[in-house]
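Here are a few exercises to work through with the model open beside you. Try each one before you read its solution.

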Amino acid sequence: MKLFSAHDSRLAVLERKVGLFAFAGLGALLLVFVIVAIEQGMFASTTKLRFQTNDVGMIHEGMEVRLRGFKVGKLLGISLKEDGAVEVQFFVDNKYLLHIRHGAKVRLIEQGLLGDGVLEIVPGPTDQPNLVVNELLPFERQFGMGELAHELVERLKPILDNVRVTTTSLNEPDGLINHVKKVAVKFEKAGEDVSSLMQQTQGVIAEENLKLGKALDKSSEAVDKVGVAVDKVGVAVDKAGVALDKASTLIDSFHDVALDVGKVTASSAESIPPLLRDGRVAAEDARNIISSAQASWPIKNMMEAGETKILPMDSYGVTNAQPK
Amino acid sequence: MVLQMLNRSNSGLLISFCLMLVACGSAPEKQNFRTEQANKLSARADIAFLQGEYESAKNDYLQALRISQSVENAAEIAIIRFNLARAFHELAQPEQAHLQLDALFSEPALPYPPATLAAAAALKSQYYLEGKELSLALSWIEKGEGYCQNKCPVAGSLLLLRAQLAQRDNRLDEALKFADGAAAALKSDMQQMELANAYRLSGEISMAKSDFTKAIHSFQQAHAIDRKLGIPGKIRLDLMRLGAVYERTGEAATALNCYARALTVSDAMGSKQGVDEVRAVMKGLQKLPEVKTPGSQ
């Protein structure tokens with residue numbers, strides 16, 4: 001018995017065509033692999049560098065190394081040295097090495113509120129010599145959102161104490177002056193700026209329900225104190241009528257307070273809102289991805305719905321254990 | 001040759017398709033909306049209960065119960081009634097607690113899971129034991145054992161109840177056997193609270209039998225678990241028991257140290273009654289002439 005192909009010569013042509021098609025497919029696949037490998041920098045000429053840290057938190061193998069926002073390398077490995085220090089090896093593409101000179105440092109930047117990080121190279125001065133292979137670069141961490149908020153609270157504390165002392169003096173029966181009014185208006189504006197900043201920050205945090213809640217609660221209390229202080233100033237100013245010896249001291253004090261609050265407001269306004277924006281975008285992205293995944297087959301079917309559970313038995317000692 | 005290749009690839013496709021079908025078939029059945037809603041309420045109530053917010057737990061359980069009843073979900077109804085009974089008991093409404101449990105054993109009876117019925121029977125027994133109605137407690141233990149057949153999760157709790165009954169009848173050897181049996185039956189990972197109870201009871205019975213070494217060991221085991229679970233009331237109880245056993249062995253300084261720790265815990269709990277109780281015990285101990293307090297050099 002002969003094969004069917006022996007009867008029909010067209011099948012011989014078909015066989016060649018299928019073979020050709022398969023080879024073309026394989027070739028295309030190979031090409032894609034090569035392109036991806038090139039994109040990933042597998043064939044690029046690189047230089048290995050390293051840095052040391054005492055905490056490996058947020059650092060992981062394969063994380064990106066950037067220079068001015070460009071991806072220039074990748075983290076190769078992390079090892080624990082005998083002295084307890086953590087040594088991190090990474091490589092940088094040689095074509096970017098020209099921009100990184102001796103004196104450069106590596107900074108871990110926390111991207112947004114979700115806490116993913118990248119390693120950013122801060123290039124050294126251009127007049128410095130080039131880096132050598134395996135050179136040890138200094139390492140630093142940029143403040144994350146939590147630390148920033150705590151720092152803000154810490155910086156506000158002494159200012160608010162100053163406000164409290166000053167307003168207490170103002171409320172004294174003999175401590176009121178007309179000139180205070182002008183300064184108080186300035187102070188009130190500064191207070192409003194802080195309040196607005198904090199409310200904006202707190203609003204975003206509440207919306208995203210993320211880790212800064214606690215820290216900002218403290219800030220909120222601080223802002224409330226500013227509000228009370230400002231109110232007190234208002235009352236005091238209304239009562240103002242007689243100029244006293246303490247006038248100049250009080251004015252100076254208020255001036256300092258207004259300046260301090262203004263400085264904090266300005267510096268915070270620069271650093272916090274962009275980070276919050278990043279965090280919000282990242283959180284929204286993550287939420288979208290998670291909700292999409294949850295809604296998609298087959299994950300949707302695999303998601304285990306919560307079950308009603310029996311409370312753990314406690315058949316001895318409840319009454320005795322909980323003296324009211 | 002081409003046909004052979006095609007046949008082979010077709011078989012591969014067919015196998016892949018079958019595997020995919022099998023994989024799809026293994027996905028768990030999706031719960032209906034009402035069951036999900038009841039589960040959510042029940043989970044919220046569990047959290048409220050464990051945080052001591054019994055009124056809120058009761059309200060959520062009642063809502064969850066209504067939803068489960070509307071769809072005749074027998075397993076859920078049984079669990080929720082059990083949990084609701086616990087909430088009513090904590091709210092000092094024992095009649096309501098019993099009503100919830102009785103509903104599981106009266107008509108119209110749904111096909112409730114035997115394990116949950118065993119747990120409900122154990123709970124009824126516990127409440128009767130607390131109310132010093134020992135014969136009723138025993139009858140509910142027996143009922144629970146009937147449902148449990150020594151293989152349900154509350155098998156250890158039923159043994160613990162039997163141990164308490166025997167202890168009250170001063171049948172100490174039997175009580176110790178039951179308590180140790182309960183400790184062996186309870187799973188150390190899933191039923192830690194009950195395991196600590198078993199060790200504590202075993203310690204108390206050992207102390208009554210003047211086996212102080214075993215008593216100390218048992219109380220220490222109970223204390224370690226309760227500390228791990230973070231239950232101040234029970235930590236205090238363990239320390240009091242440890243103090244008592246050291247007092248019996250004549251190690252007054254160690255006993256006083258345990259009482260002092262119990263006092264700190266009671267104070268931190270904000271329990272005035274607890275503080276007074278510990279102070280009274282400490283005062284009694286300090287009156288003994290040979291006592292040396294840790295700080296009195």
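**Exercise 1.** Work out what share of chain B is buried, and what its helices and strands look like.

*Solution.* Start with burial: 43% of the 297 residues in chain B are buried, where buried means that 20 or more other C-beta atoms, placed from the backbone, lie within 10 Å of the residue's own. This is a predicted model, in which local features need pLDDT of at least 70, side-chain atom pairs count only at pLDDT 80 or more, and totals for chains, interfaces and linings use all residues. Residues are numbered from 1 along each chain as its sequence is written, while chains are lettered from A and ligands numbered from 1 in the order in which they are written.

**Exercise 2.** Find which residues of α2(B) are buried, and what covers them.

*Solution.* First locate helix α2 of chain B, residues 33-50. Its buried residues are A38(B), N39(B), L41(B), S42(B), A45(B) and F49(B). Then look at the cover, which includes α3 (54-70) and α4 (74-90) of chain B. After the helix comes G52(B), with a positive phi near 85°.

**Exercise 3.** Describe how α13(B) and α14(B) are arranged.

*Solution.* Take helix α13 (residues 252-269) and helix α14 (residues 272-286) of chain B: their axes come within 8 Å and cross at roughly 160° (lines fitted to C-alpha atoms over the stretch in contact, with angles from 0 to 180 degrees between N-to-C directions). So α13(B) is roughly antiparallel to α14(B) (over 145 degrees).

Technical notes: Helix = DSSP H or I, 4+ residues; strand = E, 2+ residues; numbered from the N terminus. Parallel < 35°, antiparallel > 145°, perpendicular 65-115°, else oblique. Expected span 1.5 Å × (residues − 1). Buried ≥ 20, exposed ≤ 12 C-beta atoms within 10 Å, placed from the backbone. Contact = placed C-beta atoms within 7 Å.
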